[in-house]
Each structure stands twice: as C-alpha cells, then as structure tokens.
Amino acid sequence: MTKVRKIEEKGSDVNLAVRMVADAFEGRADSYVMLSNDSDQVGPLRIMKEEVGVSTGIVLPMESARGSKALMATGPDFVGHVTRGVLEASQFPDVMEDKHGKIHRPPTWSERSEGPRDAGAF
C-alpha cells in the first residue's frame, strides 16, 4: 500500500481535445471553444484553426495576465476569462423552488463562494 498525496485526473483533457478535433473535421459546429490554460492543447487548437479552418475560442480559467502565451499564439477568434467575479455572478441563489419543492444551498457554502469550503476557511 502507498499513501496518495495528490489526486489528479489524467487524460480527460486529451480526450476532450481529440473529440473537438474529430468534431471539427466532421463539421459538427461552426465554432469550438476550449476552457484551458494548458499549453498541451496548442496542437489540437492549431489543427482546428489551420487544417480544418474552423473558428476557435479559448476561455482561460484565470485573469488574462496569467494566461498561456502558447495558447494565445494559436490565434483564437475570441478569448474569455473565468474570473472570481464571473464565478460569483454565476452562483445559484441560496434557495430555489420548483414544482417538487425548495432546494437549499448547503450551509457550508458562502453566498459568494465558488463551491464548498471548510467552515473555518474565512
């Protein structure tokens, strides 16, 4: 047995990029958007842009100053950023209601958080 210090998902980003390239070759969409800051995705973006000729976009999961220069060098048609303000504006309200009843946000989530947190984190 061994102790795991860091759990990391491997391969899903590559699988998604391969699917995007395959879809681009098949003409399944007019534009393809990748949410990433991983320069490993330069190849798929270049293939879609240069070889297939489709519109590409990149959404960076941070402020623009920290974005991958290699990704930007692929010449995306548009660029977006997921900032803390965007995440805060995208949160569900504390209580929602539908025909089945009320749905409450877990009490450990703060009103302006992007997800669960430890009770003593702030």
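How many bridges join β2 to strand β3, and do the two run parallel or antiparallel? In this predicted model, β2 and β3 (residues 78–81) run parallel and are joined by 4 bridges. Within this pairing, leucine 60 lies opposite histidine 81 of β3.

The model has an average pLDDT of 83 over the protein chain, and 82% of the residues reach a score of at least 70. Confidence is under 50 throughout residues 116–122, a stretch with 5 contacts beyond four places in sequence. Where pLDDT is low, predicted coordinates should not be read in detail.

The protein chain contains 4 helices and 5 strands. Read from the N terminus, the order of elements is α-β-α-β-α-β-α-β-β. Of its 122 residues, 25% are buried. The accessible surface amounts to about 9000 Å², and carbon and sulfur atoms account for 54% of this area. When contacts between residues at least 6 apart in sequence are considered, 42% of them link residues at least 24 apart.

Strands β1 and β2 run parallel and are connected by 5 bridges. Serine 31 faces serine 55 of β2 across this pairing, and tyrosine 32 is placed opposite threonine 56. Together with α2, the strands β1 and β2 form a β-α-β unit, which is right-handed.

In soluble globular proteins, nonpolar side chains tend to be buried together.

Helix α2 has Val42, Pro44, Leu45 and Met48 as its buried residues. These pack against α1, β1, β2 and α3 (69–72). Leucine 45 illustrates this packing in detail: beyond residues up to four places away in sequence, leucine 45 touches Met34, Thr56, Ile58, Leu71 and Thr74. Just after α2, glycine 53 adopts a positive phi of about 80°.

One of the contacts of leucine 45 is with threonine 56, a residue of strand β2. Why does threonine 56 count as buried? Its relative accessible area is 1%, and the cut-off for a buried residue is under 20%, so threonine 56 falls within the buried class. Apart from neighbours within four places in sequence, threonine 56 contacts Ser31, Tyr32, Leu45, Met48, Lys49, Gly75, Pro76, Asp77 and Phe78. Two residues in this set, Leu45 and Met48, are listed among the buried residues of α2.

Lysine 69, located in helix α3, provides a contrasting case of accessibility. Is lysine 69 buried or exposed? The relative accessibility of lysine 69 is 66%, and the threshold for an exposed residue is over 50%, so lysine 69 counts as exposed. The C-alpha atoms of lysine 69 and asparagine 37 are 9.1 Å apart, while the two residues are separated by 32 residues in sequence.

A further strand pairing involves β4 (residues 95–98) and β5 (residues 101–104). These strands run antiparallel and are joined by 4 bridges. Methionine 96 is positioned opposite isoleucine 103 of β5.

Technical notes:
Residues numbered from 1 in each chain as written. Heavy atoms only, no water. pLDDT = per-residue confidence, 0-100. Contact = heavy atoms within 4.5 Å. Buried < 20%, exposed > 50% of the residue type's maximum accessible area, 1.4 Å probe, protein only. Areas by Shrake-Rupley, 256 points an atom, 1.4 Å probe, with all protein chains shown as cover. Pairing = 2+ DSSP bridges. Right-handed = clockwise from strand over helix to strand, strands pointing away.
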